[in-house]
Amino acid sequence: MKLLDVEVVLKRDKGPHPARSKSQVMKELDDTTTSYAILSHRWGAEVTYEEMIGFMTVEEEEREEIKQRHGYQKIIKSCEQAKKDGYKWLWIDTCCIDKRSSSELSEAINSMYRWYQNAQVCYACLNDVGESTLPIKRDDDKFDKSNGWPEWFMRGWTLQELIAPKQVEFFNKNWVRIGDKQSSAWELEEITGIPCDVLTNGLAAERLSVAQIMSWAADRKTTRVEDRAYSLMGLLGVNMPMLYGEGKKAFQRLQLEIIRVSSDHSIFAWKPRMSQTGSALAEDPSDFRGCDKIKKLEPDEFVDALKRKYNNTYYRWGQRQQKLAAWHGALDSHQFHIFTVSSAGIQVFLPIVPSCSSPSHLRAILACIHNGDLVTIGLVSSGGSFARTSMIDPPLPATYPDFRTLHLIHHQDSNERRHNIVLDDELVSYHGFIRGDTYPSEFTGNTVTPLSLVFADDLIVIVYANHDARRRFAIGLGYSLGREWVHVVDDGDFLIRKEENLSKFGRQVYDEMLKARVKHAQIMPKHDVCRNKLFIKRAHLPRSIWAARVVWGRQRAGGFKVMVDVVQCPGGCDVSRGRVVPSTGVAEPKLMATVSGSYLLKLDGWPVKLSKCFGQQFAVSHAPHLYVRLAPHNDSWAIMVTTPVANLCTLEIYLRI
């Protein structure tokens, strides 16, 4: 590592000196045999490596500009403190790494944890603290941008810079010493969530799980998204090349590197921020928020925990003994202790319990506990692999877990795994409705991508509202049991307030549809793209003259088209049996795309065949009691349906032809 010569830096700052070579201000030394101090800080206007090396060779005006920077003052103050403490060498990340060299930068990042660990002392500069003592109480007013604490505690890189060094001394913005890690360990645990034993004795002090370490970084921030992953490498004991520009893929690579060197099941114990189906790997460290109490289990501890949870008296004693022996055998096997990563997924060997509602769903049990309870995750089959899902029903009762080899999906290619839903909902505005909220994800425009052709579960709910009429309804677009499904619900007799937030209603509908997703998928008709089939669902909006209507179908080019409309209910229409009242002259909206020839529809279970006709004639379809005619304006259909139960029921479908 390249270390600053404290004496040279301070002498150079005090007055003009002859130009000095690189070896005079900085020298490359072995971190394992050299005594040195190290700086931890928040970046601002800093001095770079090339500026530090060429400081005495630049013009006086440029040199004075460098001296005025806050970053330069940190260098001088930390050198003064190092000299006072008896250290000849100092390392600072801003000026001791030549970032023009990608190889040097990669080496430094991969070595940084070790460099902080081997330092005799770390100076932590809290540049937003002016008091003479370390803050021990949350202050949301003063530190409103950093969760109520000094910003240093909320940055990604400073996590390892707090844990790795044996000695950390804190300084305020005036470089007054305000505390140290050892004497303030209890207060630091309150601020950071890191156990006191880890702060005072390092990572080896406790049997830590991957999930615990990840949880410490859940609320921390970095300037570059890739640094969310890179700043955790040393804490988790892995190395990997730096690829700035890869974005969130860096955190996926980090998890895969951990899996290659560790069989810690807690890496799968993260908690989704919203209901979703997809990769078995977390998207971001924030997914591990709340996992600070997760403890990993040794094989014998895992068996004991399984016995306590699944000591099922439904089975006879002999059967229970057989299961117990099978568990011991599984935990002693090579499969249980090794994760294998391949194109098929992450191969794991876990005990599983089937879901009570679907053979494609199961719950896998991990060898870790949270607050004394075994941690389980929901999985759903996706071809030969399994996707992580939060859409999981209770397990089958009176069922013992069986160990099974699984391949967990760990990547998601948007081009291969997802397809678009083309949503046409502009016509809801004809009766004063607007798209109010979507749950769990947001989107704009008319293209939605919540459905997956590989993952076996997905759902998005869209809420529409007319605040003046105080009515709302929601549609659900889902994918379960290998097929897309659509469902529409109204809001009962509840009248919304104009200022009411619609997200709560969206969440409630989402939860209800999620529980009934298998039923919704089972009752969906099969699509036949070649025959141009479209299907319709509608829901009356209580205490109103409207009904919400959804028309959907598969497109020839792939994907799924959904059209949402609000129409006047049959009960509110001025019609007489057997005829359609002529148009009043108000242009009705058109719902569907251009068609030619005949078109197949299914209207609430009634098969309908529309053939092009002209004038005032009626065209009778193959379905009984159903009549079709062209409306007076020559670009829409009006469909009349009579049933034996009701004298007259009117459904209107508008087609451009």
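Predicted model: local features only at pLDDT ≥ 70, side-chain atom pairs only at ≥ 80, totals over all residues.
Local features need pLDDT of at least 70 and side-chain atom pairs count only at pLDDT 80 or more, while totals for chains, interfaces and linings use all residues. Residues are numbered from 1 along each chain as its sequence is written, and side-chain values use heavy atoms, with hydrogens and water left out.

**Exercise 1.** Describe the protein as a whole by its secondary structure, its burial and its contacts.

Solution. Start with the elements: the protein has 19 helices and 30 strands, where helices (H or I, at least four residues) and strands (E, at least two) are DSSP runs numbered from the N terminus. Next, of the 657 residues, 52% are buried, that is, under 20% relative accessible area with a 1.4 Å probe and protein chains only, as against exposed at over 50% and partly exposed in between. Finally, among contacts (heavy atoms within 4.5 Å) with a separation of 6 or more, 63% join residues 24 or more positions apart.

**Exercise 2.** Determine how helix α1 and helix α5 are arranged and what their contact consists of.

Solution. First take the geometry: the axes of α1 (residues 6–14) and α5 (residues 70–84) come within 9 Å and cross at roughly 125°, the axes being lines fitted to C-alpha atoms over the stretch in contact, with angles from 0 to 180 degrees between N-to-C directions. The two helices are therefore oblique to each other, since angles under 35 degrees count as roughly parallel, over 145 as roughly antiparallel, 65 to 115 as roughly perpendicular and the rest as oblique. Then list the partners: V6, E7, V9, L10 and D13 of α1 meet Y72, I75, I76, C79, E80, A82 and K83 of α5. The residues of this contact divide into eight nonpolar, no polar and four charged, with Ala, Val, Leu, Ile, Met, Phe, Trp, Tyr, Cys and Pro taken as nonpolar, Asp, Glu, Lys and Arg as charged, and the others, Gly among them, as polar.

**Exercise 3.** Are A185 and H520 buried or exposed, and which residues do they contact?

Solution. Begin with A185, which lies in helix α8 (residues 185–192) and counts as buried because its relative accessibility is 2%. Leaving aside neighbours within four places in sequence, A185 is in contact with C196, L199 and T200. Not counting residues up to four places away in sequence, H520 touches W485, H487 and M513.
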